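This report concerns a predicted model. Please keep the sequence and the structure in view while reading.

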Amino acid sequence: MTKSDFLPTLEDAYQPLLTEQLDILRQQVISEGGDSASLQSRFNYAWALVKSHDVNNSRLGIKLLTDIYRESPSRRRECLYYLTIGCYKVGEYSMAKRYVDILYEHEPNNLQIKALKEMVGN
Amino acid sequence: MDDNEQFSQLRNVISTTASALLGIENLDKSILSSNSRYKKILSETIKNLGGDDSLVKLRKNFSNLKRQEESHDAYERYSGDDYFRNQLTDSRTTFRVLTYLSDEILKASLDDEKSNHDQGLLEFTNEEESGTKNTSSLFQGFEASLPILNERLENNDKNKYIKNSEGNDHNNNNDNNDDKNDKLFEFTNNYISSVSIDTEKISRSYSMKYLKTLSEDVLRKLNFTLIQEDVTKEEVEDLSIKLERLKERHQSACKRLETVEQDELFLENALSLIKDRMKFIQEYDLELESNDPEIEDINQNEKSYNEAKESNDLNTSQQNVEDLKPNTFVNNDKDVTVAKSEAIVSKVKTKNQKTINRLQRFYNEENRKSRKLPTTLLQSHYEPGTNIATIEKAHENGVYCMDFDMPFGTLCTAGYLDHTVNVWDLTRKVKVAEMSGHLATIQCMQLGSHYNMLITGGKDAMLKIWDINLATQLYQEDQSSIESDYNSCIHTFDSHSGGITALSFDSVHLVSASQDKTIRQWDLVNGKCIQTIDLSSVVKQNQTDIVNIPDFYSSSEPFVTGSLQCFDAALATGTRDGLVRLWDMRSGKVVRTFMGHTNAVTSLKFDSYNLISGSLDKSIRTWDLRTGSLSDLFAYDSPVYSIDFDSSNLVSAIGETSFKVYNRKDDKQWECVNSAEDTSSIYHVKYKNNYAVTGSNDGTIKAWVV
């Protein structure tokens with residue numbers, strides 16, 4: 001990883017973090033006060049969960065992402081993208097499709113979304 | 001049937017329902033057909049549940065379960081397994097239910113984002129081309145925090161290693177808790193450490209390859225730090241918004257507390273009124289069968305018929321009318337009518353009633369102070385030193401004396417060359433009454449602690465007792481015609497031959513000191529002078545240097561008696577010769593003299609242990625009442641004009657823009673500083689329960705939290 005892209009690729013979701021790392025992220029969120037923690041910390045934990053091999057961890061990650069989606073309207077498009085990836089990963093293709101369709105509808109010119117849509121479509 | 005079985009069936013139903021609702025694409029329509037699993041399970045469950053009892057039990061259990069589930073915090077769970085595991089459905093369905101986003105929310109997001117099109121976060125193609133700085137995505141923030149994460153992991157390992165090498169068997173839970181705080185701290189520290197680059201190596205190196213890789217590395221790190229900057233900035237903004245909100249909430253909560261406390265007082269007053277009324281009715285046995293006011297009227301009419309025969313009845317009916325008085329406290333609208341009826345009553349009774357009678361009549365339940373000190377004190381929610389209220393230009397020529405009954409209560413003030421007493425509501429910061437009657441400057445006053453009354457002493461050698469309730473009523477009526485023959489002054493003590501300089505009273509006695517070098521003790525009930533103490537033989541003409549007293553302090557030389565306080569048979573006086581004397585009022589003799597002040601005593605107060613006095617010799621002395629010795633001394637740059645204290649704080653006014661506060665518990669002294677634009681000097685201070693009121697020479701009154 002030489003350069004940080006604006007959005008993750010689908011592959012990113014399949015690279016799990018160490019359990020220790022996950023734990024630190026979780027502690028971070030808790031120390032900041034659980035639900036009232038900063039957006040970034042919560043996302044960090046959620047995304048780390050999505051990346052996990054464990055299906056249920058990924059699901060929890062998606063749950064947290066949906067919370068973020070509900071709470072911060074300015075991050076919604078972004079979250080929809082992460083949600084698509086997450087749902088795809090845990091095998092909820094219908095949900096993934098629903099999300100990516102809305103994304104695509106909104107940004108038909110976006111290559112990354114296009115690619116994702118194709119993946120989900122398959 | 002067993003609860004568990006019921007549950008398992010219910011669980012089946014719910015999970016099938018949920019999957020039917022959510023997974024329309026996946027499941028065919030067959031689930032709703034007659035022999036589908038869904039229907040079968042549903043009917044089975046309903047059949048087996050049977051009686052009402054079991055349903056109720058089930059509901060109870062279910063709601064308990066629900067509550068438990070709601071309290072689960074997603075972040076407290078170690079893994080997703082835990083979080084989604086429950087008795088009712090399988091984890092996949094739970095997950096779907098929990099993460100389901102309705103179409104509305106999804107649509108709403110589109111609409112939202114369309115309107116904020118400029119901020120479209122996913123338009124990275126555009127963003128890169130235009131090169132405009134956009135906020136970084138959450139993912140970028142995540143990536144940026146990874147290196148920090150790794151470093152922290154390493155640190156943790158090291159820490160663990162150290163801990164292990166110390167051979168401490170830590171309890172796992174404790175360990176976690178300890179770490180939590182450390183981690184936050186570490187997090188901030190690590191931002192710095194992640195940037196460390198060996199600059200010496202760069203200046204020494206000649207390998208292009210090495211430098212290239214290094215530059216890439218640095219670029220990447222730079223990229224990270226930029227993103228971190230973004231993230232942190234956003235967090236800072238987020239937090240400041242939250243802080244703002246919390247502040248607002250704090251303020252509104254404080255306000256709410258204020259109103260609630262007022263309501264509490266109001267209700268307590270109402271309650272005491274009701275009790276009084278009930279007592280009255282019982283006492284005179286006036287209870288009527290019906291509460292209907294018309295019947296009451298009829299009864300009164302009957303009584304008036306019998307009037308000629310029995311004179312007693314006249315009295316009772318009169319008392320009836322008179323008893324309307326308490327209502328005035330409760331309802332302002334009623335005030336007018338009631339006050340008028342009162343006036344009528346007073347006219348009916350007319351002149352055969354002497355002022356003394358009026359004084360005695362004053363001491364009844366209705367004028368008793370029904371306000372008790374609120375248990376929660378609002379002032380404790382403010383920072384010490386906060387200015388809570390300011391009343392500008394309360395008096396034309398500066399505040400000369402004042403007193404208040406309790407924090408956020410009633411304040412009475414009098415100004416120099418101003419012959420009226422102003423009454424203020426410290427909560428609403430408005431004038432509620434004005435009482436005139438003195439013919440010269442009012443030089444001292446004290447508010448009653450049991451009755452709603454004020455006693456003032458003026459330069460005109462008169463002492464007056466005022467009914468504050470009545471004064472408030474009259475003020476609200478805007479000084480209508482009644483005023484002339486119905487004055488709020490209940491009684492005037494007029495025996496002194498010189499200006500009154502100090503007074504003090506408890507429940508029975510009033511003690512006043514005058515420039516005629518006497519101290520008089522009065523009976524508050526019959527208004528008669530009980531005792532006169534002549535000071536002329538005791539207090540010699542003062543030989544000390546005359547301190548430059550501001551014009552504001554009218555007299556060119558200090559008062560004979562600057563201050564006094566009485567309590568039961570004990571009387572303390574502070575006089576021009578700088579001596580503080582303790583008198584036994586029964587014998588009229590001095591029992592103890594505190595020597596030390598080198599100039600006139602201006603202010604003194606005692607409690608059960610100490611007597612504190614302030615003097616024009618620029619010092620405040622604390623005396624031990626039992627041993628009679630000096631226990632503390634403060635010296636200032638200017639003469640001390642006014643002091644007040646309780647067990648926790650001693651406040652003093654020395655004619656400067658700020659006033660001094662001495663914390664008697666922590667033994668710390670600080671200054672309560674006025675705002676820069678206010679350059680008036682504070683000469684008067686009164687203090688109760690961490691709440692101080694100051695009066696300045698330009699007529700400004702301020703309330704402070706101390």
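## The largest nonpolar core

In soluble globular proteins, nonpolar side chains tend to be buried together. In this model the largest nonpolar core has 46 residues, and those with the most contacts inside it are A:Phe43, A:Tyr45, A:Trp47, A:Leu65, A:Tyr81, A:Tyr82 and B:Phe142. At least two residues of this core are supplied by each of the helices H1 (19-31), H2 (39-51), H3 (55-71), H4 (76-89), H5 (93-106) and H6 (111-121) of chain A, together with helix H8 (138-165) of chain B. The largest share, 8 residues, comes from H4(A).

Leaving aside residues up to four places away in sequence, A:Phe43 touches A:Leu65, A:Ile68 and A:Tyr82, as well as B:Leu138, B:Phe139 and B:Phe142.

## Another core

## An open sheet in chain B

Strands of a sheet pair through backbone hydrogen bonds, either parallel or antiparallel. Here 4 strands of chain B form an open sheet in the order S22-S23-S24-S25, with antiparallel pairing. Strand S22 (642-645) and strand S25 (668-672) of chain B each have a single partner strand and stand at the edges, so one side of each is left without a neighbour in the sheet. On average, and with direction ignored, neighbouring strands of this sheet are turned by 20 degrees against each other.

Strand S24 (residues 659-663) of chain B is joined by 5 bridges to S25(B), the two running antiparallel, and B:Asn663 stands opposite B:Lys668 in S25(B).

Definitions and conventions
Residues are numbered from 1 along each chain as its sequence is written. Chains are lettered from A and ligands numbered from 1 in the order in which they are written. This is a predicted model: local features need pLDDT of at least 70, side-chain atom pairs count only at pLDDT 80 or more; totals for chains, interfaces and linings use all residues. Side-chain values use heavy atoms; hydrogens and water are left out. A nonpolar core is a set of buried Ala, Val, Leu, Ile, Met, Phe, Trp, Tyr and Cys residues joined through side-chain atoms within 4.5 Å. Buried means under 20% relative accessible area, exposed over 50%, partly exposed in between (1.4 Å probe, protein chains only). Contact means heavy atoms within 4.5 Å. Two strands pair if DSSP finds at least two bridges between them. Axes are lines fitted to C-alpha atoms, for helices over the stretch in contact, and angles run from 0 to 180 degrees between N-to-C directions.
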